[in-house]
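Please work through each task with the sequence and structure in view before reading the solution.

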Amino acid sequence: MKHQMKTIFVKDYNEMSKKGYELMKKVIETKEQPVISMTTGGSPRGLFKLLVEDINNGLDISNTTIMNLDEYMGPKDAVYTVRTFMYENLYNLVNTEPKNIFLIDGETQDTDKEIARYKEILNQYPRDVQVLGLGTNGHIGANEPGTPFDSTMFLAQHDESTIQSTMSGYGISREEAPTEMLTLGFTEILEAEKVILLVSGKSKAEAVKALLEGEITTDCPATALRNSDNAIVIIDEEAASLLEQDHTS
Ligand code: PGA
């Protein structure tokens with residue numbers, strides 16, 4: 001049988017957030033010790049809102065472990081860090097705590113040691129869900145174009161388009177913007193039982209076309225998901241606007 005990523009087409013950002021959140025919530029409600037690895041940025045903001053609402057209305061996360069797939073190299077309290085995002089969009093907003101919170105240390109002077117530490121956590125906590133966003137250049141995590149498909153957690157250099165996205169996403173200058181990130185590789189991303197890729201908006205339309213209608217190639221990193229039964233991509237109408245074929249699955 002052919003292995004294939006699933007596609008879900010939705011109207012807009014809100015529907016994408018709802019659909020992605022439903023898939024995640026089911027895992028939190030049904031697994032005994034759920035392990036969720038999140039992404040940050042514009043794509044998952046709506047999903048975080050829904051999660052916060054539900055937790056404050058009684059969704060039990062006392063057995064849930066929450067971690068992240070990447071972290072910018074820079075001061076940990078900088079406006080752009082994954083840590084800052086996670087506290088501002090989740091941990092500071094809820095009236096209860098998850099079982100574990102794991103974050104990558106982007107202040108480390110010894111990236112090899114930090115990678116070894118985090119890999120140990122990844123081994124101890126196999127992920128039920130990995131949430132992802134899609135870069136305008138097709139990246140997932142900080143696996144930029146050209147990254148080999150067998151990558152494991154590493155220190156990545158950002159592409160210029162990624163630096164520009166960080167600048168506009170957080171209203172910071174070129175000098176302030178981080179240029180490096182510790183990130184899970186494709187290998188660890190694909191180890192998750194479910195990989196949920198959230199894609200919304202016109203700026204992602206080229207990347208979506210490459211993801212679904214181009215070759216499987218490291219030029220579009222997200223194509224690494226295409227032959228995985230674990231992967232589900234949720235795409236809104238604007239992001240799907242350049243597609244020429246029918247991808248309903
Ligand atoms: P965004 O970024 O969600 O802020 O659009 C996506 C990504 O680069 O992973």
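**Exercise 1.** Determine which residues Ile-234 touches, not counting residues up to four places away in sequence.

*Solution.* The model is predicted, with local features requiring pLDDT of at least 70 and side-chain atom pairs pLDDT 80 or more, while totals for chains, interfaces and linings use all residues. Residues are numbered from 1 along each chain as its sequence is written, and side-chain values use heavy atoms, without hydrogens and water. Step one: apply the contact criterion, heavy atoms within 4.5 Å. Step two: list the partners of Ile-234, which are Ile-8, Val-10, Met-16, Lys-19, Gly-20, Leu-23, Ile-196, Leu-197, Leu-198 and Val-199.

**Exercise 2.** Identify the members of the largest nonpolar core that touch the most other members.

*Solution.* Step one: gather buried (under 20% relative accessible area, 1.4 Å probe, protein chains only) Ala, Val, Leu, Ile, Met, Phe, Trp, Tyr and Cys residues joined through side-chain atoms within 4.5 Å. Step two: the largest such core has 41 residues, and Met-24, Met-38, Leu-51, Met-86, Leu-90 and Ile-234 touch the most other members. Step three: among the elements supplying at least two residues each are α1 (13–30), β2 (35–38) and β10 (231–236), where helices (H or I, at least four residues) and strands (E, at least two) are DSSP runs numbered from the N terminus. The greatest contribution, six residues, comes from α1.

**Exercise 3.** State which classes of residue line the largest cavity.

*Solution.* Step one: the lining consists of Met-24, Ile-28, Ile-36, Met-38, Leu-51, Ile-61, Thr-64 and Ile-66, a cavity being a set of points on a 1 Å grid over the protein atoms alone where a 1.4 Å probe fits but cannot get out, and lining residues having an atom within 4 Å of a point. Step two: sorted by class, the lining has seven nonpolar, one polar and no charged residues.

Methods:
Buried means under 20% relative accessible area, exposed over 50%, partly exposed in between (1.4 Å probe, protein chains only). On a 1 Å grid over the protein atoms alone, a cavity is a set of points where a 1.4 Å probe fits but cannot get out, and a pocket is an open set with protein on both sides within 12 Å along at least five of seven lines; lining residues have an atom within 4 Å of a point. Ala, Val, Leu, Ile, Met, Phe, Trp, Tyr, Cys and Pro count as nonpolar, Asp, Glu, Lys and Arg as charged, and the others, Gly among them, as polar.
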